[in-house]
Amino acid sequence: MARYELVKRSVALITLTNPPVNALSSAVRHAMAKSMEQALNDPKVTAVVICGENGRFCGGADIREFAGPLRGPPLVPLLDAIEAGEKPVVAAIEGVALGGGFELALVCHYCIAHFKARLGLPEVTLGILPAAGGTQRLPRLIGIPAALELITTGRHISAQEALKLGIVDQVTEQNACEVAVEFALRAVAKPLSSRRVSMLTTPCPPDLDALLEVVTMEVKKKARGVMAPLACIQAVRAAATMPYSKGIKRESELMATLFNSGQARALQYCFFAQRTAGKWTLPSGAQWNNSKPREIRSAAIIGLGTMGRGIVVSLARAGISVIAVESEKKLLETGKQMVIGMLERDAKRRGVSASLNLLKFTLSLQDLKDVDLVIEAVFEDMALKKRVFQELSKVCRPATLLCTNTSGLDVDALAGVTDRPHLVVGMHFFSPAHVMKLLEVVCGPRSSSETIATAMSLGKRMGKVSVAVGNCPGFVGNRMLKPYLDQATFLLEEGATPEQIDKALEDFGFAMGVFRMSDLAGLDVGWRIRKESGLTGPDVDPKNPPRRRHGRRYCPIPDMVCEQGRFGQKTGRGWYMYDKPGGTNAKPDPLIQNLLEMYRSRYAIQPRNISDKEIIERCLFALANEGFRILEDGIAARPEDIDVIYLFGYGFPRHRGGPMFYASMVGLERVLERLEHYHQAHPDVPHLEPSPLLKKLVACGSPSVQTWREHIKTMHSHL
Ligand code: T1G
Ligand code: NAD
């Protein structure tokens, strides 16, 4: 847990040894305390160097231990003792110094960092704050504004930025540990008092209150209802206004309020859920750690529309050479210019750019003979996609993987028209594809484990969070969206307004309510799909009573909005009105209000006052209920996968953990009771009927979300 060695006859080298990130578990803290004591008591030792095994300094506290009671020596007194010691201590930072790891570096009298190292206080992203003196020492060292920014955002910084800020003393391209030992030998004779950060006076701006006020407003705007950043600001205020001994107490009080909060539990669940999601497994026993991905050096994209362009950019950023195919010269040229523009903007923003030499643009599928993988992103039209896949099957070499970016069509039906169904898989990116982190990897029944492993690993290389899902209409994310959107429009019929529903969802934590989001995405796509499936337009079966389709409740209001040419932001009108086509400033539109009033009077619906509570319950419990069905059907392997999809693809607030975690926090019994209540009131809405899995879990005593998988195991799995 910590190795102790004497090097150069007088330097105690303490190496943290807790793979993979040398987290400060109780055993590590215990070993560190013993090693420090030994170093301080041994007269041969004149200086100490602390480093981490395997080129990683320390990833902070062991988050897995947060669930249980504190065991082993607490961190604060241990760190205080390191700082107060009479022998110089040098931190040798390689890899990462995060959270408690950064706080450990702050108590060392000197810091040497490898040029590739990253430092940061990411506690806020886990719903807590730096609680081992970080909120008290960092402002003393780098000043209030810079410390506030790092602590309230959790941003990681490079070694070079840390050097500029005065956090580290030297950046090296050599072995940081060896450099630190030499540094320590030179530091022996120097006085330590000015190196003890807790003893420094915080450089305090004259307008402290105004500064804190501005940051508080910014934080509230960015992260609605999230507690941790606000507590971080209060802790930093303490660093500015109190001596260290009092400030550290304030830090600890604030930590106590956060530590047991539902938000902290949700955010820590998100941390682990994101890492669990990559660990896919198939009923055959093939899984992430026994299936080798193929190496992908070249790829092709078919269709340079909204999605295709973003996918090209993401592939190029990952250093993969790409051939982009369009159907017409003009469209090819437009697509090409858009891709180049996106890469140029990228270069300006990030300072690095993918090489344009990686890209080739063509009208001919014949150019795809030798590529390793193809991603099809043509219109959402099964007949067209089948034609493309047949063509690809003829043109590409037999080993080329064929992937589709369809939003919800049957991946296996596409596999069926090719000569290599085992090499066909869905790669469902989200719009804009060069920005959104989510990738659903849709596994058809015939997709081989190597194909799935390759798609998952390619996603990771492209910087995506990849989740393996089964093949059914809409897969996981879009399948769940339907009951959620349905509830929102039913609530409109019953008396709510788009702005009221959006406000309730935004107060819950969504970046955008459902109607603002729909306006952004465009209303015409869904309308076209509804027309094609005979739900609206000339093909509706006249035998359908109004507001019913296939014996279920149906709300035609979205169709009526589209019939008026209101397709959302792009037309300047949708559920809201905008200053101009393409405008983003949504204002309530009296015409929508009129439309709703006329609609209700036409169908003799008496509008009622609808509470925010009902909005949240109906929208989010219907969403989770479909999630339970998806688990039952084996389309997602575990609740964590569904939650990750909603966090990264649909803007579900992270501090609520995702729809399935949220349901578990509310209490499954309560969710079941409310769904039963709403289903009784709306028997023609099958999505409100509680799923058998939800009932089963409640009957089993509502186990924790991490153990649901055991209750699902016996069910049929597509994964
Ligand atoms: N505790 C426990 N497990 C951890 C961990 C940690 N701090 N960090 C990583 N892991 C596990 C992770 O679950 C995964 O496990 C494996 O290590 C590899 O991680 C007192 C209150 C360091 C940048 O927030 O950001 O300090 O899935 O896949 O991509 O104020 O891990 O293999 O079983 O992410 O190379 C603050 C969290 C804690 C850092 C490495 N620290 N970690 O990324 O690997 S709070 C953090 C990370 C605190 C003090 C307090 C990243 C990483 P498994 P990985 P990676
Ligand atoms: P789009 O209409 O913007 O682009 C489709 C492009 O494909 C057009 O430029 C068209 O000219 C081109 N094309 C059509 N037939 C072609 C052919 N035979 N060969 C080469 N190019 C051809 O559509 P989009 O929004 O980019 O969607 C593409 C796919 O991605 C669809 O399956 C869609 O369901 C899916 N998708 C869309 C989104 C989204 O939000 N837009 C999100 C995820 C997935």
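**Exercise 1. Find which ligand atom the backbone of I63 approaches, then look for side chains that reach ligand 1.**

Step 1. Start at I63: one of its backbone N or O atoms lies 2.9 Å from a nitrogen atom of ligand 1. Keep in mind that you are looking at a predicted model.

Step 2. Now turn to side chains. In R56, a polar side-chain atom is 2.4 Å from an oxygen atom of ligand 1. The side chain of E103 has an N or O atom 2.7 Å from an oxygen atom of the ligand.

Step 3. Check these distances against the cut-off: a polar contact is a pair of N or O atoms within 3.5 Å.

**Exercise 2. Describe the surroundings of ligand 1.**

Step 1. On its own, ligand 1 has 1000 Å² of accessible area, and the protein covers 77% of this.

Step 2. Two elements, α3 (100-107) and α11 (262-277), each give two or more residues to the shell. The largest share, three residues, belongs to α11.

Step 3. Count the shell: 28 residues surround the ligand, with R56, E103, E123, R275 and K279 the closest. Sorted by class, 16 are nonpolar, four polar and eight charged.

**Exercise 3. Work out the strand order of the open sheet and explain why β1 and β9 each have a side without a neighbour.**

Step 1. Six strands with mixed pairing follow the order β1-β2-β3-β4-β6-β9.

Step 2. Because β1 (2-7) and β9 (170-172) stand at the edges with a single partner strand each, one side of each lacks a neighbour in the sheet.

Step 3. Look inside the sheet: β2 and β3 run parallel, joined by six bridges. I14 has I50 in β3 as its bridge partner.

Note on methods
Residues are numbered from 1 along each chain as its sequence is written. Chains are lettered from A and ligands numbered from 1 in the order in which they are written. This is a predicted model: local features need pLDDT of at least 70, side-chain atom pairs count only at pLDDT 80 or more; totals for chains, interfaces and linings use all residues. Side-chain values use heavy atoms; hydrogens and water are left out. A residue is near a molecule or strand if one of its heavy atoms lies within 4 Å of it. A polar contact is a pair of N or O atoms within 3.5 Å; within protein, one must be able to donate a hydrogen and the other to accept it, and residues adjacent in sequence count only if both atoms are side-chain atoms. Accessible areas come from the Shrake-Rupley method with a 1.4 Å probe; for residues, only the protein chains shown count as cover. Helices (H or I, at least four residues) and strands (E, at least two) are DSSP runs, numbered from the N terminus. Ala, Val, Leu, Ile, Met, Phe, Trp, Tyr, Cys and Pro count as nonpolar, Asp, Glu, Lys and Arg as charged, and the others, Gly among them, as polar. Two strands pair if DSSP finds at least two bridges between them.
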